[in-house]
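Thanks for passing this one along. Here are a few friendly notes to read beside the coordinates.

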Amino acid sequence: MREIKIALMSVADMGNYGDMLFPFVARNELKRRIPNATFRFYTPTERDVDDEHCFAYDLAGLREYDPDAVIVVGGEVIHKFEII
């Protein structure tokens, strides 16, 4: 079974704990349904949250990861990301 790569793009304000939980909940629920999925988190700015590395919004980096799906999670509007 081939690996499915999923980018979870958080549009939460990093100080908002509730919004920050959305990508982790989404990953857990998706992992139950798609056990061969791997995930990469994207946030407005690069940072580590506990033991998870969150990549900054970057179109080149997203293309390099080459996900099968991009899922937008969180409670904020999409910002700092230019679609080309």
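**Notes on the predicted model**

1. The protein has an accessible surface of about 5,400 Å², and carbon and sulfur atoms hold 53% of that. Such areas come from the Shrake-Rupley method with a 1.4 Å probe, and for residues only the protein chains shown count as cover.

2. Some ground rules for reading on. This is a predicted model, where local features need pLDDT of at least 70 and side-chain atom pairs count only at pLDDT 80 or more, while totals for chains, interfaces and linings use all residues. Residues are numbered from 1 along each chain as its sequence is written, and side-chain values use heavy atoms, with hydrogens and water left out.

3. On the overall fold, two helices and five strands make up the secondary structure (DSSP runs numbered from the N terminus: H or I of at least four residues for helices, E of at least two for strands). Along the sequence they follow the order β-α-β-β-β-α-β.

4. Of the 84 residues in the protein, 38% are buried (under 20% relative accessible area, 1.4 Å probe, protein chains only). Among contacts (heavy atoms within 4.5 Å) with a separation of 6 or more, 63% join residues 24 or more positions apart.

5. Strand 1 deserves a look. This strand spans residues 4-10, and five of its seven residues are buried. Strand 1 pairs (at least two DSSP bridges) with strand 2, residues 37-43, in the parallel sense over six bridges; there, L8 has F41 as its bridge partner.

6. Strand 1 also pairs in the parallel sense with strand 5, residues 69-73, over five bridges. In that pairing, I6 sits opposite A69.

How values were computed
Buried means under 20% relative accessible area, exposed over 50%, partly exposed in between (1.4 Å probe, protein chains only).
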